[in-house]
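Subject: Structure handover and findings

Hello,

Here is the structure you are taking over. Please load it before reading on.

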Amino acid sequence: MVDPASGVDGMRDILIAGERIERIGEAGSLCLPEGEAADGREVRVIEADGLYAAPGLVDTHVHFRDPGAEYKEDIFTGAKAAAAGGVTSVILMANTTPHVDNGETLRYVMEKGKKTGIHVYTCANVTMEMAGDELTDMEELAKGGAVGFTDDGKPLLDSRLVRQAMQEAARLGMPISFHEENPAFIENNGIHAGKAAAHYGIGGSDRQAEIDLVRRDLSIALETGADVVIQHISAKEAVELVRQAKRKSGHIHAEATPHHFSLTEEAAIRFGTLAKMNPPLREETDRRAIVEGLKDGTIDLIATDHAPHSAQEKARPITEAPSGIIGLETSLALGLMYLVETGELTMRELIRRMSENPAKLYGLDAGYVAEGGPADLVLFDAKEEWTPKAFFSKSQNSPFLGQPLRGRVKLTLCKGQVIYGDGE
């Protein structure tokens, strides 16, 4: 059992009753026979020898494309992909069609999410229609159940409006997340303005696009005291800006995607549109800076930016194909391979960034394993080698499809129920 919240990292028995954890004991202390217990309850024994048991992963940056683009993904298929990746709680982005800038769409997403086997939460938009010029009624959306705010997919270019949004988020005590790409520095998005762009003979996305808006938004964040999340960080300079800001405030947060800490622009050359994303994969020095940021806590969240697209869309030319890759089913393996096996993070530190920290930021009852706590668990083999042949996601747009990985989810439990495993 690995639980960053309590510091436990050792052999344990875990007894689940209903949707909660009833008892945690030393290994062998809670052994019960399969069948009927003394108090009449049915007992099921899951033998997890050789596996890690950790709190179910919490992914705070996910696109399920529902409503509006269900041909790419819907809430049900997205939840299945999450379960296969050991993710028991997701926070959806609000760039759907219609946008989550109104109570009706918010209710639709939340009600459909309740019908899945996982915990589905959603952010609401910062601006109406993601147009960047009029704030949503953030208070009403918060009352309606939104857990944060973002216009992810689009940068907010109006500094005055950004300040107002942060002030309102701070007043409400809720996180607000920012997609940091200034289009003034981008000729073709999704491909780094470096070796990859030169390979394709195109202008790409310059690192200054991210640096410019990260610098601006961190300055405003320090003024307002809002809990600000710098999304999917990609540039070494942006990592350093976050590091400096975090020394001044505990309200600054940043997320790294598994693809940004495991790949560079070389993947965009090798895999083409399957490795095209916003912001783009950059250079090895950027990847190393992200790893260092994860090590020292500058980057406190690992989130996938799970972004499904159809095969037909990704088959378009490099400048026309949409940006984004799926990531829910490979995130844990990539964390194990590129962070734990390499000695950059301990197992406990990895789980903290994939479960405890995101749950705390959004105030979720998740991210820990304790008596009386939620029976949301992932059981995984940290060493098992596997090659994904197909994903549970409706879309298959990933450079990791068909690539050998290490570290495999064997069983996922949410609310005390097995939602992935048992031969799946």
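Below are the conventions, then the findings by region.

This is a predicted model, so local features need pLDDT of at least 70, side-chain atom pairs count only at pLDDT 80 or more, and totals for chains, interfaces and linings use all residues. Residues are numbered from 1 along each chain as its sequence is written, and side-chain values use heavy atoms, with hydrogens and water left out.

Helices (H or I, at least four residues) and strands (E, at least two) are DSSP runs, numbered from the N terminus. Two strands pair if DSSP finds at least two bridges between them.

**The parallel sheet**

Three strands form an open sheet in the order β8-β9-β10, and the pairing is parallel. β8 (57-62) and β10 (119-122) stand at the edges. Each has a single partner strand, so one side of each is left without a neighbour in the sheet. From one strand to the next, the twist averages 20 degrees. Axes here are lines fitted to C-alpha atoms, for helices over the stretch in contact, and angles run from 0 to 180 degrees between N-to-C directions.

β8 and β9 run parallel and are joined by four bridges. Asp59 stands opposite Val90 in β9. Strand β9 (residues 87-92) is also joined to β10 by four bridges, again in parallel. There, Val90 has Val120 of β10 as its bridge partner. Buried means under 20% relative accessible area, exposed over 50%, and partly exposed in between (1.4 Å probe, protein chains only).

**Antiparallel pairs**

Strand β7 (residues 52-55) pairs with strand β16 (residues 377-386) over four bridges, in the antiparallel sense. Ala53 stands opposite Leu379 in β16. Seven bridges join β16 to strand β17 (residues 405-414), and these two run antiparallel. Leu379 has Leu411 as its bridge partner in β17.

**Helix packing: α6 and α7**

Two packed helices are described by the angle between their axes and the distance between the axes. Helix α6 (residues 208-224) and helix α7 (residues 236-246) pack at about 10 degrees, with axes 9 Å apart. That makes α6 roughly parallel to α7. The cut-offs: angles under 35 degrees count as roughly parallel, over 145 as roughly antiparallel, 65 to 115 as roughly perpendicular and the rest as oblique.

Which residues meet across this pair? From α6 come Glu210, Ile211, Val214, Arg215, Leu218 and Leu222. From α7 come Glu237, Ala238, Leu241, Val242 and Ala245. Contact means heavy atoms within 4.5 Å. The residues of this contact of α6 with α7 divide into eight nonpolar, no polar and three charged.

In α7, Ala238, Val239, Leu241, Val242, Arg243 and Ala245 are buried. The buried residues of α7 pack against α6, β13 (228-230), β14 (252-256) and α10 (284-296).

**A buried loop residue**

Thr264 lies in the loop between α8 (258-262) and α9 (265-271). Is Thr264 buried or exposed? Its relative accessible area is 15%, so Thr264 is buried. Thr264 touches Leu281, Arg282, Glu283, Glu284 and Arg287, not counting residues up to four places away in sequence.

**Backbone points to check**

- The peptide bond from Asp66 to Pro67 is cis, with omega near 15 degrees. Pro67 is in the loop between β8 and α1.
- The peptide bond from Thr97 to Pro98 is also cis, with omega near 5 degrees. Pro98 is in the loop between β9 and α2 (103-113).
- His232 is not a glycine, yet has a positive phi of about 25 degrees. His232 lies in the loop between β13 and α7 and counts as buried, at 1% relative accessibility.
- Lys415 has a phi near 55 degrees, a positive value in a residue other than glycine. Lys415 lies in the loop between β17 and β18 (417-420) and counts as partly exposed, at 25% relative accessibility.

Best wishes

Technical notes:
Ala, Val, Leu, Ile, Met, Phe, Trp, Tyr, Cys and Pro count as nonpolar, Asp, Glu, Lys and Arg as charged, and the others, Gly among them, as polar.
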